[in-house]
Amino acid sequence: MGLIFGDSNTNINGLNINFMADIANRYPENVTGKFYVDNQCIDCDLCRETAPDNFTRNDDGGYSYVYKQPTTPDEEARCKEAMEGCPVEAIGNNGP
Ligand code: SF4
């Protein structure tokens, strides 16, 4: 059985698991705006590699957060790519 990341809700053995980022669990370091990282982040580095102008690392906590919202179409595309590539769906785009 494979997990299909990208589904916001996946039913596994009767458990309804939510893989979508949750705005209620967003890290406070995220700057205001639509993209954010929540506390599911496993510090894999993908978003920082994909969108280095927007994502950075909290070295003490060992997780990523958004330090600048995208301001160009290129940055927007990179943030979207990071969100879609995040292995644990810790990136959301419905932020404040
Ligand atoms: S891609 Fe996801 S899990 Fe990996 S560092 Fe970024 S937010 Fe964290």
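Is Asp45 buried or exposed? Asp45 is exposed, because 11 other C-beta atoms lie within 10 Å, where 12 or fewer means exposed, 20 or more means buried and anything in between means partly exposed, with C-beta atoms placed from the backbone.

Before I go on, please keep in mind that this is a predicted model, in which local features need a pLDDT of at least 70 and side-chain atom pairs count only at pLDDT 80 or more, while totals for chains, interfaces and linings use all residues. Residues are numbered from 1 along each chain as its sequence is written. The average pLDDT, the predictor's confidence in each residue from 0 to 100, is 88 for the protein, and 81% of the residues score at least 70.

As for the fold, there are 2 helices and 6 strands, taken as DSSP runs numbered from the N terminus, with helices being H or I over at least four residues and strands being E over at least two. Along the sequence they follow the pattern β-β-β-α-β-β-α-β. Strand β4, residues 55-58, pairs with β5 in the antiparallel sense over 4 bridges, where pairing requires that DSSP finds at least two bridges. Within this pair, Phe55 stands opposite Val66 of β5, and in the hairpin, which has 4 residues between the strands, Gly62 takes a positive phi near 70 degrees.

Coming back to Asp45, this residue sits in the loop between β3 and α1, and its phi is near 90 degrees, a positive value in a residue other than glycine. Glu89, in the loop between α2 and β6, likewise has a positive phi, near 55 degrees, but Glu89 counts as partly exposed because it has 19 C-beta neighbours inside 10 Å.

Leaving aside residues up to four places away in sequence, Cys86 touches Leu46, Cys47 and Ile91, a contact being C-beta atoms, placed from the backbone, within 7 Å.

Finally, the ligand has 15 residues around it, of which Cys41, Cys44, Leu46, Cys47 and Cys86 come nearest, and a residue is near when its C-beta atom, placed from the backbone, lies within 6 Å.

Note on methods
Contact = placed C-beta atoms within 7 Å.
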